[in-house]
Amino acid sequence: MTDKTDNKQENQNTAVAGEVDAGVTSEKQQAAPSATPPELEQKEPEQKKASSSGKILAIIAIIIAIVLAAILYWHGHNQALAQTEQLNRMQAELQQQQSRIEQAEATQSSKLAAVVSNQNSTSEQLEGLSHKVLDLDSKRPNDWMLAEAEYLVRMAGRKLWLEQDAVSAAMMLANADERLAALNDPSLTPVRRALADDIASIKSVKSVDREGLVIKLNSINDQVDKLTLAGVIMARAEEPDFSLSESVSDWKENLKKSWASFSDDFVTVRRRDGNVEALLSPQQHWYLSENLKGKLLQAQLAVYREQQDIYDSSLAQTKQWLQDYFADDSVRQFMLEQLEQLDGQQIKVDYPEQFSAQERLQQLLDDRLQRLLTGL
(Lines give C-alpha, C1' and ligand atoms only; values in the text may rest on other atoms or scores of the structure.)
Protein backbone atom coordinates (compact mmCIF):
# COMPACT_ATOMS: atom_id res chain seq x y z
CA MET A 1 0.00 0.00 0.00
CA THR A 2 2.99 2.36 0.70
CA ASP A 3 4.50 1.67 -2.77
CA LYS A 4 1.25 2.62 -4.47
CA THR A 5 1.14 5.93 -2.55
CA ASP A 6 4.78 6.72 -3.48
CA ASN A 7 4.14 5.99 -7.17
CA LYS A 8 1.09 8.24 -7.11
CA GLN A 9 3.08 11.09 -5.62
CA GLU A 10 5.92 10.63 -8.17
CA ASN A 11 3.42 10.76 -11.03
CA GLN A 12 1.98 13.98 -9.63
CA ASN A 13 5.48 15.48 -9.34
CA THR A 14 6.33 14.44 -12.94
CA ALA A 15 3.12 16.03 -14.23
CA VAL A 16 3.84 19.30 -12.42
CA ALA A 17 7.43 19.34 -13.73
CA GLY A 18 6.20 18.72 -17.30
CA GLU A 19 3.78 21.61 -17.03
CA VAL A 20 6.56 23.86 -15.75
CA ASP A 21 8.93 22.76 -18.60
CA ALA A 22 6.19 23.37 -21.18
CA GLY A 23 5.70 26.86 -19.81
CA VAL A 24 9.41 27.53 -19.89
CA THR A 25 9.67 26.21 -23.47
CA SER A 26 6.79 28.35 -24.59
CA GLU A 27 8.37 31.34 -22.97
CA LYS A 28 11.68 30.56 -24.72
CA GLN A 29 9.95 30.21 -28.02
CA GLN A 30 8.25 33.52 -27.46
CA ALA A 31 11.56 35.10 -26.44
CA ALA A 32 13.62 33.58 -29.35
CA PRO A 33 15.21 36.12 -31.69
CA SER A 34 13.60 36.59 -35.03
CA ALA A 35 13.70 38.90 -37.79
CA THR A 36 11.64 41.70 -36.28
CA PRO A 37 11.37 45.32 -37.03
CA PRO A 38 12.99 47.99 -34.84
CA GLU A 39 9.89 48.42 -32.77
CA LEU A 40 10.30 44.90 -31.54
CA GLU A 41 13.91 45.55 -30.64
CA GLN A 42 12.73 48.29 -28.32
CA LYS A 43 10.48 45.86 -26.53
CA GLU A 44 13.24 43.29 -25.83
CA PRO A 45 14.04 44.60 -22.31
CA GLU A 46 10.41 44.35 -21.38
CA GLN A 47 10.27 40.78 -22.68
CA LYS A 48 13.38 39.89 -20.70
CA LYS A 49 11.74 41.22 -17.57
CA ALA A 50 8.64 39.17 -18.30
CA SER A 51 10.69 36.03 -18.88
CA SER A 52 12.56 36.49 -15.60
CA SER A 53 9.31 36.92 -13.69
CA GLY A 54 7.94 33.79 -15.37
CA LYS A 55 10.99 31.87 -14.25
CA ILE A 56 10.44 33.02 -10.69
CA LEU A 57 6.82 31.97 -10.82
CA ALA A 58 7.84 28.60 -12.23
CA ILE A 59 10.36 28.11 -9.48
CA ILE A 60 7.75 29.03 -6.88
CA ALA A 61 5.28 26.63 -8.46
CA ILE A 62 7.91 23.90 -8.44
CA ILE A 63 8.65 24.57 -4.76
CA ILE A 64 4.94 24.54 -3.92
CA ALA A 65 4.52 21.27 -5.84
CA ILE A 66 7.49 19.76 -4.02
CA VAL A 67 6.08 20.87 -0.62
CA LEU A 68 2.65 19.52 -1.47
CA ALA A 69 4.20 16.27 -2.63
CA ALA A 70 6.20 16.04 0.60
CA ILE A 71 3.08 16.74 2.69
CA LEU A 72 1.08 14.15 0.78
CA TYR A 73 3.91 11.66 1.12
CA TRP A 74 4.21 12.31 4.87
CA HIS A 75 0.45 11.99 5.40
CA GLY A 76 0.23 8.82 3.34
CA HIS A 77 3.25 7.35 5.08
CA ASN A 78 1.75 8.02 8.54
CA GLN A 79 -1.59 6.61 7.46
CA ALA A 80 0.12 3.52 6.10
CA LEU A 81 2.02 3.10 9.38
CA ALA A 82 -1.23 3.44 11.38
CA GLN A 83 -2.98 0.90 9.19
CA THR A 84 -0.01 -1.44 9.50
CA GLU A 85 -0.04 -1.10 13.29
CA GLN A 86 -3.80 -1.70 13.42
CA LEU A 87 -3.41 -4.74 11.18
CA ASN A 88 -0.65 -6.12 13.40
CA ARG A 89 -2.81 -5.56 16.50
CA MET A 90 -5.76 -7.33 14.90
CA GLN A 91 -3.50 -10.22 13.92
CA ALA A 92 -2.25 -10.46 17.52
CA GLU A 93 -5.82 -10.48 18.89
CA LEU A 94 -6.79 -13.11 16.35
CA GLN A 95 -3.87 -15.27 17.44
CA GLN A 96 -4.86 -14.85 21.11
CA GLN A 97 -8.43 -15.86 20.33
CA GLN A 98 -7.22 -18.87 18.41
CA SER A 99 -5.00 -19.89 21.32
CA ARG A 100 -7.94 -19.50 23.74
CA ILE A 101 -10.18 -21.56 21.48
CA GLU A 102 -7.51 -24.24 21.27
CA GLN A 103 -7.13 -24.27 25.05
CA ALA A 104 -10.93 -24.49 25.53
CA GLU A 105 -11.12 -27.32 23.02
CA ALA A 106 -8.34 -29.13 24.84
CA THR A 107 -10.08 -28.63 28.19
CA GLN A 108 -13.40 -29.82 26.80
CA SER A 109 -11.73 -32.82 25.25
CA SER A 110 -10.12 -33.75 28.56
CA LYS A 111 -13.42 -33.31 30.42
CA LEU A 112 -15.27 -35.32 27.81
CA ALA A 113 -12.71 -38.07 28.08
CA ALA A 114 -13.08 -38.08 31.87
CA VAL A 115 -16.88 -38.21 31.59
CA VAL A 116 -16.67 -41.05 29.09
CA SER A 117 -14.33 -42.98 31.36
CA ASN A 118 -16.59 -42.39 34.38
CA GLN A 119 -19.61 -43.46 32.38
CA ASN A 120 -17.86 -46.60 31.28
CA SER A 121 -16.88 -47.45 34.83
CA THR A 122 -20.41 -46.71 36.06
CA SER A 123 -21.87 -48.88 33.32
CA GLU A 124 -19.56 -51.71 34.33
CA GLN A 125 -20.60 -51.35 37.98
CA LEU A 126 -24.30 -51.28 37.06
CA GLU A 127 -23.86 -54.32 34.90
CA GLY A 128 -22.16 -56.15 37.74
CA LEU A 129 -24.90 -55.15 40.18
CA SER A 130 -27.61 -56.22 37.77
CA HIS A 131 -26.02 -59.64 37.46
CA LYS A 132 -25.87 -59.94 41.23
CA VAL A 133 -29.46 -58.81 41.64
CA LEU A 134 -30.59 -61.33 39.05
CA ASP A 135 -28.93 -64.02 41.11
CA LEU A 136 -30.83 -62.88 44.21
CA ASP A 137 -33.83 -65.14 43.62
CA SER A 138 -31.70 -68.21 43.11
CA LYS A 139 -29.34 -67.61 46.04
CA ARG A 140 -31.44 -66.09 48.91
CA PRO A 141 -35.16 -65.88 48.05
CA ASN A 142 -36.13 -65.47 51.73
CA ASP A 143 -34.55 -62.03 51.92
CA TRP A 144 -37.60 -60.57 50.19
CA MET A 145 -39.79 -61.67 53.09
CA LEU A 146 -37.28 -60.16 55.49
CA ALA A 147 -37.46 -56.84 53.62
CA GLU A 148 -41.26 -57.00 53.73
CA ALA A 149 -41.17 -57.48 57.50
CA GLU A 150 -38.90 -54.44 57.86
CA TYR A 151 -41.30 -52.39 55.73
CA LEU A 152 -44.25 -53.39 57.93
CA VAL A 153 -42.35 -52.31 61.03
CA ARG A 154 -41.63 -48.89 59.49
CA MET A 155 -45.28 -48.44 58.51
CA ALA A 156 -46.34 -49.38 62.03
CA GLY A 157 -44.15 -46.57 63.34
CA ARG A 158 -45.84 -44.07 61.02
CA LYS A 159 -49.27 -45.22 62.10
CA LEU A 160 -48.36 -44.88 65.75
CA TRP A 161 -46.45 -41.58 65.81
CA LEU A 162 -48.14 -39.68 63.01
CA GLU A 163 -51.73 -40.90 63.24
CA GLN A 164 -51.80 -42.10 66.88
CA ASP A 165 -53.38 -45.33 65.66
CA ALA A 166 -52.06 -47.89 68.12
CA VAL A 167 -54.42 -50.66 66.95
CA SER A 168 -53.21 -50.56 63.35
CA ALA A 169 -49.59 -50.32 64.50
CA ALA A 170 -49.95 -53.45 66.65
CA MET A 171 -51.55 -55.34 63.74
CA MET A 172 -48.68 -54.40 61.40
CA LEU A 173 -46.10 -55.54 63.94
CA ALA A 174 -47.96 -58.86 64.27
CA ASN A 175 -47.92 -59.28 60.46
CA ALA A 176 -44.18 -58.61 60.44
CA ASP A 177 -43.71 -61.32 63.06
CA GLU A 178 -45.70 -63.73 60.87
CA ARG A 179 -43.32 -63.05 57.95
CA LEU A 180 -40.33 -63.81 60.16
CA ALA A 181 -41.98 -66.96 61.50
CA ALA A 182 -42.56 -68.18 57.92
CA LEU A 183 -38.81 -67.94 57.22
CA ASN A 184 -38.12 -70.63 59.86
CA ASP A 185 -34.68 -69.17 60.52
CA PRO A 186 -33.26 -69.62 64.07
CA SER A 187 -31.00 -66.60 63.60
CA LEU A 188 -34.11 -64.38 63.57
CA THR A 189 -35.09 -65.27 67.13
CA PRO A 190 -33.66 -62.06 68.68
CA VAL A 191 -35.58 -60.00 66.13
CA ARG A 192 -38.84 -61.82 66.88
CA ARG A 193 -38.27 -61.32 70.60
CA ALA A 194 -37.83 -57.58 70.02
CA LEU A 195 -41.05 -57.56 67.96
CA ALA A 196 -42.93 -59.24 70.81
CA ASP A 197 -41.68 -56.56 73.24
CA ASP A 198 -42.79 -53.80 70.85
CA ILE A 199 -46.27 -55.31 70.48
CA ALA A 200 -46.61 -55.61 74.25
CA SER A 201 -45.55 -51.98 74.77
CA ILE A 202 -48.19 -50.78 72.28
CA LYS A 203 -50.98 -52.86 73.76
CA SER A 204 -50.14 -51.61 77.25
CA VAL A 205 -50.77 -48.02 76.18
CA LYS A 206 -54.10 -46.72 77.44
CA SER A 207 -56.44 -46.15 74.52
CA VAL A 208 -58.22 -42.81 74.20
CA ASP A 209 -61.60 -42.59 72.52
CA ARG A 210 -60.84 -39.34 70.74
CA GLU A 211 -63.81 -39.58 68.41
CA GLY A 212 -66.16 -40.05 71.37
CA LEU A 213 -64.72 -37.05 73.19
CA VAL A 214 -65.02 -34.86 70.12
CA ILE A 215 -68.62 -35.99 69.53
CA LYS A 216 -69.58 -35.06 73.09
CA LEU A 217 -67.92 -31.69 72.83
CA ASN A 218 -69.71 -31.08 69.55
CA SER A 219 -73.10 -31.93 71.11
CA ILE A 220 -72.39 -29.46 73.93
CA ASN A 221 -71.46 -26.84 71.35
CA ASP A 222 -74.82 -27.32 69.62
CA GLN A 223 -76.65 -26.37 72.86
CA VAL A 224 -74.99 -22.96 73.24
CA ASP A 225 -77.61 -21.14 71.16
CA LYS A 226 -80.36 -22.56 73.39
CA LEU A 227 -78.99 -21.01 76.58
CA THR A 228 -80.86 -18.22 78.36
CA LEU A 229 -79.12 -15.30 80.00
CA ALA A 230 -79.58 -14.97 83.75
CA GLY A 231 -81.74 -12.02 84.99
CA VAL A 232 -80.96 -9.55 87.75
CA ILE A 233 -81.04 -11.25 91.17
CA MET A 234 -81.64 -8.90 94.06
CA ALA A 235 -80.31 -9.71 97.48
CA ARG A 236 -82.95 -10.55 100.10
CA ALA A 237 -83.87 -7.59 102.31
CA GLU A 238 -83.59 -8.01 106.05
CA GLU A 239 -86.80 -7.55 108.04
CA PRO A 240 -86.45 -4.89 110.80
CA ASP A 241 -86.69 -5.99 114.45
CA PHE A 242 -89.23 -3.86 116.36
CA SER A 243 -89.44 -5.98 119.52
CA LEU A 244 -88.95 -3.94 122.73
CA SER A 245 -86.70 -4.88 125.61
CA GLU A 246 -88.05 -5.19 129.16
CA SER A 247 -84.93 -3.68 130.70
CA VAL A 248 -85.19 -0.07 131.85
CA SER A 249 -81.58 0.63 130.83
CA ASP A 250 -82.54 0.02 127.15
CA TRP A 251 -85.01 2.85 127.11
CA LYS A 252 -83.12 4.67 124.34
CA GLU A 253 -83.11 1.57 122.07
CA ASN A 254 -86.80 0.96 122.86
CA LEU A 255 -87.58 4.56 121.95
CA LYS A 256 -85.83 4.19 118.58
CA LYS A 257 -87.68 0.97 117.83
CA SER A 258 -91.02 2.53 118.77
CA TRP A 259 -90.36 5.50 116.51
CA ALA A 260 -89.24 3.22 113.67
CA SER A 261 -92.37 1.07 114.06
CA PHE A 262 -94.54 4.18 114.00
CA SER A 263 -92.83 5.65 110.91
CA ASP A 264 -92.82 2.32 109.07
CA ASP A 265 -96.47 2.78 108.31
CA PHE A 266 -95.65 5.90 106.28
CA VAL A 267 -92.19 5.22 104.72
CA THR A 268 -90.55 1.79 104.39
CA VAL A 269 -86.76 1.58 103.87
CA ARG A 270 -85.19 -1.84 103.49
CA ARG A 271 -81.47 -2.37 103.09
CA ARG A 272 -80.28 -5.05 100.68
CA ASP A 273 -76.66 -6.18 100.94
CA GLY A 274 -75.05 -8.15 98.12
CA ASN A 275 -73.62 -7.87 94.55
CA VAL A 276 -76.03 -7.13 91.74
CA GLU A 277 -74.96 -8.26 88.25
CA ALA A 278 -75.94 -5.94 85.42
CA LEU A 279 -77.78 -7.28 82.40
CA LEU A 280 -75.73 -7.94 79.22
CA SER A 281 -76.52 -6.13 75.99
CA PRO A 282 -77.50 -8.18 72.90
CA GLN A 283 -74.07 -7.53 71.39
CA GLN A 284 -72.33 -8.72 74.56
CA HIS A 285 -74.61 -11.75 74.63
CA TRP A 286 -73.55 -12.63 71.08
CA TYR A 287 -69.86 -12.23 71.94
CA LEU A 288 -70.32 -14.38 75.03
CA SER A 289 -71.98 -17.17 73.02
CA GLU A 290 -69.27 -17.07 70.35
CA ASN A 291 -66.50 -17.17 72.93
CA LEU A 292 -68.20 -20.13 74.56
CA LYS A 293 -68.28 -21.95 71.22
CA GLY A 294 -64.63 -21.03 70.64
CA LYS A 295 -63.62 -22.57 73.95
CA LEU A 296 -65.42 -25.83 73.08
CA LEU A 297 -63.76 -25.92 69.65
CA GLN A 298 -60.41 -25.29 71.31
CA ALA A 299 -61.02 -28.30 73.54
CA GLN A 300 -61.81 -30.45 70.48
CA LEU A 301 -58.59 -29.40 68.80
CA ALA A 302 -56.65 -30.14 71.98
CA VAL A 303 -58.01 -33.69 71.96
CA TYR A 304 -56.44 -34.37 68.55
CA ARG A 305 -53.19 -32.64 69.46
CA GLU A 306 -52.94 -34.31 72.86
CA GLN A 307 -52.66 -30.94 74.64
CA GLN A 308 -53.84 -31.82 78.12
CA ASP A 309 -53.40 -28.36 79.67
CA ILE A 310 -55.37 -26.58 76.95
CA TYR A 311 -58.11 -29.20 77.15
CA ASP A 312 -58.52 -28.82 80.92
CA SER A 313 -58.43 -25.01 80.89
CA SER A 314 -61.01 -24.82 78.07
CA LEU A 315 -63.46 -27.01 79.95
CA ALA A 316 -62.93 -25.09 83.21
CA GLN A 317 -63.54 -21.73 81.51
CA THR A 318 -66.68 -23.07 79.80
CA LYS A 319 -68.15 -24.25 83.09
CA GLN A 320 -67.35 -20.92 84.77
CA TRP A 321 -69.13 -18.92 82.06
CA LEU A 322 -72.17 -21.20 82.19
CA GLN A 323 -72.50 -20.70 85.93
CA ASP A 324 -71.93 -16.92 85.86
CA TYR A 325 -73.96 -15.67 82.92
CA PHE A 326 -76.72 -18.15 82.06
CA ALA A 327 -79.97 -19.10 83.76
CA ASP A 328 -80.24 -22.33 85.70
CA ASP A 329 -82.46 -24.32 83.34
CA SER A 330 -82.41 -27.78 81.80
CA VAL A 331 -80.06 -26.75 78.96
CA ARG A 332 -77.44 -25.41 81.31
CA GLN A 333 -77.83 -28.42 83.60
CA PHE A 334 -77.31 -30.80 80.68
CA MET A 335 -74.18 -28.95 79.53
CA LEU A 336 -72.70 -28.91 83.02
CA GLU A 337 -73.32 -32.64 83.43
CA GLN A 338 -71.60 -33.39 80.11
CA LEU A 339 -68.67 -31.18 81.03
CA GLU A 340 -68.32 -32.97 84.37
CA GLN A 341 -68.06 -36.27 82.50
CA LEU A 342 -65.42 -34.90 80.14
CA ASP A 343 -63.46 -33.21 82.89
CA GLY A 344 -60.45 -35.21 84.05
CA GLN A 345 -60.22 -37.32 80.88
CA GLN A 346 -56.63 -38.22 80.03
CA ILE A 347 -56.04 -37.35 76.38
CA LYS A 348 -52.24 -37.45 76.33
CA VAL A 349 -50.73 -40.88 75.72
CA ASP A 350 -47.08 -41.82 76.23
CA TYR A 351 -46.18 -43.91 73.19
CA PRO A 352 -42.84 -45.72 72.90
CA GLU A 353 -40.25 -43.53 71.25
CA GLN A 354 -39.03 -46.23 68.84
CA PHE A 355 -39.33 -49.90 68.01
CA SER A 356 -36.39 -52.02 69.07
CA ALA A 357 -37.05 -54.49 66.23
CA GLN A 358 -36.70 -51.88 63.48
CA GLU A 359 -33.01 -51.24 64.03
CA ARG A 360 -32.28 -54.98 64.25
CA LEU A 361 -34.12 -55.70 61.00
CA GLN A 362 -32.38 -52.84 59.19
CA GLN A 363 -28.96 -54.04 60.34
CA LEU A 364 -29.79 -57.61 59.32
CA LEU A 365 -30.83 -56.52 55.83
CA ASP A 366 -27.71 -54.39 55.40
CA ASP A 367 -25.45 -57.29 56.39
CA ARG A 368 -27.11 -59.72 54.00
CA LEU A 369 -27.06 -57.24 51.12
CA GLN A 370 -23.38 -56.52 51.75
CA ARG A 371 -22.56 -60.23 51.69
CA LEU A 372 -24.57 -60.62 48.50
CA LEU A 373 -22.76 -57.78 46.72
CA THR A 374 -19.33 -59.02 47.78
CA GLY A 375 -20.17 -62.54 46.58
CA LEU A 376 -19.72 -64.24 49.95
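**Figure 1. Exposed and buried faces of helix 6.** On the face turned away from the buried side of helix 6, the exposed residues are Val167, Met171 and Ala182. The view is taken from a predicted model. Buried positions in helix 6 are Ala169, Ala170, Leu173, Ala176, Asp177, Leu180 and Leu183. Viewed along the axis of helix 6, the buried residues fall within an arc of 125 degrees, so they line one face of the helix. An α-helix has 3.6 residues a turn, so residues three or four places apart point the same way.

**Figure 2. Span of helix 6.** Helix 6 comprises 18 residues, 166-183. At 1.5 Å a residue, the helix should span 26 Å, and the C-alpha atoms at its ends are 26 Å apart, which agrees.

**Figure 3. Asparagine 184 after helix 6.** Helix 6 is followed by asparagine 184, which lies in the loop between helix 6 and helix 7 (189-203). The phi angle of asparagine 184 is near 55 degrees, a positive value in a residue other than glycine. With a relative accessibility of 67%, asparagine 184 counts as exposed.

**Figure 4. Glutamate 306 between helix 10 and helix 11.** Glutamate 306 is located in the loop that joins helix 10 (282-305) and helix 11 (308-325). Although glutamate 306 is not a glycine, its phi is positive, at about 60 degrees. The relative accessible area of glutamate 306 is 15%; this residue is therefore classed as buried, the limit being under 20%.

**Figure 5. Nonpolar surface patch including leucine 57.** A nonpolar patch on the surface is formed by Ile56, Leu57, Ile59, Ile60, Ile63, Ile64, Val67, Leu68 and Ile71. Together these residues have about 830 Å² of accessible area. One of them, leucine 57, is placed in helix 3 (residues 44-134). Leucine 57 has a relative accessible area of 58% and is exposed, because exposed residues are those over 50%.

**Figure 6. Aromatic pair of tryptophan 286 and tyrosine 287.** Two aromatic pairs are found in a search of the whole structure. Tryptophan 286 and tyrosine 287 form an edge-to-face aromatic pair, with 5.2 Å from centre to centre and 65 degrees between the planes. Tryptophan 286 is exposed, with a relative accessible area of 52%, whereas tyrosine 287 is partly exposed, with a value of 42%.

Notes
Residues are numbered from 1 along each chain as its sequence is written. This is a predicted model: local features need pLDDT of at least 70, side-chain atom pairs count only at pLDDT 80 or more; totals for chains, interfaces and linings use all residues. Side-chain values use heavy atoms; hydrogens and water are left out. Helices (H or I, at least four residues) and strands (E, at least two) are DSSP runs, numbered from the N terminus. The expected span of a helix is 1.5 Å times one less than its number of residues. Buried means under 20% relative accessible area, exposed over 50%, partly exposed in between (1.4 Å probe, protein chains only). The arc is that of the directions from the helix axis to the C-beta atoms. Patches are made of residues with over 30% relative accessible area and no salt bridge: like charges are joined within 9 Å, nonpolar side chains (Val, Leu, Ile, Met, Phe, Trp, Tyr) within 5 Å. Accessible areas come from the Shrake-Rupley method with a 1.4 Å probe; for residues, only the protein chains shown count as cover. A salt bridge is a side-chain nitrogen of Lys or Arg within 4 Å of a carboxyl oxygen of Asp or Glu. Rings of Phe, Tyr and Trp (its six-membered ring) pair if their centres lie within 6.5 Å; planes under 30 degrees apart count as stacked, over 60 as edge-to-face and the rest as tilted.
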